[in-house]
Amino acid sequence: MDAAKSTEGNGSIVYSFYVVAILMAVYVLSFMDRILLSLLVKPIRQEFQIGDTGMGLLMGFGFALFYTSFGLLFGAIADRYNRRNLILAGLLGWSIATCGGGLAMGLGTLMFARAIVGVGEGSLAPGAYSTIGDRFSPERQGLAIGIYSMGVGLGGGLSMVFGGALVHWAGNTSVTLPLLGTLTGWRLAMVTMGALGFPLAALFLATVREAPRKARSIAPPPFSAVLRMMARRWRAFGGALVGFSCAVVSVYIPYLWVPALFARSHAMNPQEIGGVLGVVLMISGVCGVVGAGALSDKLLSRGMADAPVRTIFWAALVQMPILGLAYIVPDRTTALVLLAIGMVLTSASSSLQATALTLMTPGQMRGRMMSIHLLVITVVGLGLAPLFTGLLSDHVFTQDNGLGRSLAMVSTIALAICCVALALSRAAIQQVIVERRAAAEAA
């Protein structure tokens with residue numbers, strides 16, 4: 001069968017990669033919306049009189065609670081209904097909510113706005129991964145998901161570069177808008193970021209078609225069937241979810257807390273942080289994602305069924321001491337170099353998680369499987385890890401560079417758990433992938 005026809009039943013392989021590129025652009029914007037607060041820590045803390053624990057709740061847990069809760073619902077929708085429309089509705093919703101955050105009159109209303117951002121962004125991962133799974137063969141999914149996952153590196157890097165410039169501009173600018181009044185500072189920055197979603201939504205609506213489902217004749221099983229499948233293979237799915245969620249800790253806390261760390265420990269202002277740190281994170285993130293996707297596909301084609309999991313394990317093991325040192329070394333240049341190396345490995349491991357779970361899961365269950373994955377990694381990586389970092393910084397490591405010591409401890413412990421979990425479950429994961437591929441080929 002022709003490769004183009006086999007991978008995209010409603011067009012060509014070129015169009016399929018175009019869809020991936022658009023999905024990546026949406027992911028970039030979602031990550032920029034998510035990470036912008038890390039550059040606004042100082043003015044928000046000053047206006048609302050909160051500490052690092054409060055900012056940890058605002059940046060992580062408050063967002064993550066709704067992001068994950070609605071992700072389960074959106075996973076079920078992605079398995080049954082139009083995924084293009086699901087993603088489009090989420091994009092419009094979180095863009096409006098980001099604008100609304102800039103109008104918040106207190107900490108409570110700002111947390112509510114961030115919760116609505118979480119609801120909107122919860123639609124993206126289930127819809128995107130389900131779409132990619134239906135548009136590409138297993139041998140191409142590592143590269144396709146890798147391209148989509150570049151949204152983390154590009155979004156995080158651009159949020160620093162663009163966000164740093166935006167915060168600097170907004171801090172020296174006031175804009176008067178009809179009905180909204182005069183906006184300046186962090187409020188203007190958030191409204192401007194939210195407004196970027198509207199032209200992207202128009203492009204998405206005009207050019208993206210719903211992917212034809214490979215298993216369209218098979219009715220999606222109930223959610224209980226997904227849970228039973230996971231329970232039967234608890235060692236494989238349990239080990240994967242524990243390992244993957246702990247690996248994601250090292251993805252999120254640099255984006256959320258490193259700008260504050262560099263401002264305190266290395267005396268950098270937001271514009272400097274955005275220009276330097278943003279480029280470092282963007283380049284290292286893209287290199288890690290693309291390299292990991294290509295490596296995983298090559299190893300899979302050579303018969304190594306658990307290639308994504310092996311790559312995640314080794315990346316986590318190597319990055320453990322590198323990131324730990326990056327947060328506590330006193331020299332700025334050394335810290336940036338170590339952070340860049342660590343983020344290459346971090347991006348590599350995070351981008352392959354969806355590839356592994358896609359290979360482990362039947363097509364008609366992938367939307368809900370990805371929503372479960374999203375729930376676990378977000379609660380741990382985006383909810384608990386930033387909160388624990390703030391708690392340690394406020395109450396344990398209260399001396400000089402307390403934030404850096406807190407980051408080093410949280411990152412090292414999480415990566416150690418990741419390595420143990422994946423080492424214990426690798427054989428079970430490999431067996432599930434082999435059986436799933438055999439079943440797909442026989443269908």
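Which residues line the second largest cavity? Val19, Leu23, Arg84, Ile87, Thr131, Val208, Arg209, Glu210 and Ala211 form that lining. The model is predicted: local features need pLDDT of at least 70, side-chain atom pairs count only at pLDDT 80 or more, and totals for chains, interfaces and linings use all residues. Residues are numbered from 1 along each chain as its sequence is written, and side-chain values use heavy atoms, with hydrogens and water left out.

**Confidence**
- The chain has an average pLDDT (the predictor's confidence in each residue, from 0 to 100) of 81, and 93% of the residues score at least 70.
- Among the elements of the chain, the lowest mean pLDDT, 42, belongs to helix α1 (residues 3-7), and the highest, 94, to helix α10 (residues 197-207); helices are DSSP runs of H or I with at least four residues, numbered from the N terminus.
- Residues 1-10 have a pLDDT below 50, and this stretch has 20 contacts in the model beyond near neighbours in sequence; contact means heavy atoms within 4.5 Å.
- Where pLDDT is low, the predicted coordinates should not be read in detail.

**Cavities**
- The structure holds two cavities of 30 Å³ or more; on a 1 Å grid over the protein atoms alone, a cavity is a set of points where a 1.4 Å probe fits but cannot get out, and lining residues have an atom within 4 Å of a point.
- The second largest cavity has a volume of about 40 Å³, a volume being the space filled by probe spheres set on the points, with grid points joined across faces, edges and corners.
- Helices α2 and α5 (83-101) each supply at least two residues of this lining.
- By class, the cavity lining has five nonpolar, one polar and three charged residues; Ala, Val, Leu, Ile, Met, Phe, Trp, Tyr, Cys and Pro count as nonpolar, Asp, Glu, Lys and Arg as charged, and the others, Gly among them, as polar.

**Second largest pocket**
- This pocket (an open set with protein on both sides within 12 Å along at least five of seven lines) has a volume of about 510 Å³.
- Of its 23 lining residues, Leu39, Lys42, Pro43, Val167 and Pro270 lie nearest its centre.
- Helix α3 gives the most to the lining, with five residues.
- The lining comprises twelve nonpolar, eight polar and three charged residues.

**Helices α2 and α12**
- Phe31, Arg34 and Ile35 in α2 meet Tyr252, Tyr255 and Leu256 in α12.
- By class, this contact has five nonpolar, no polar and one charged residues.
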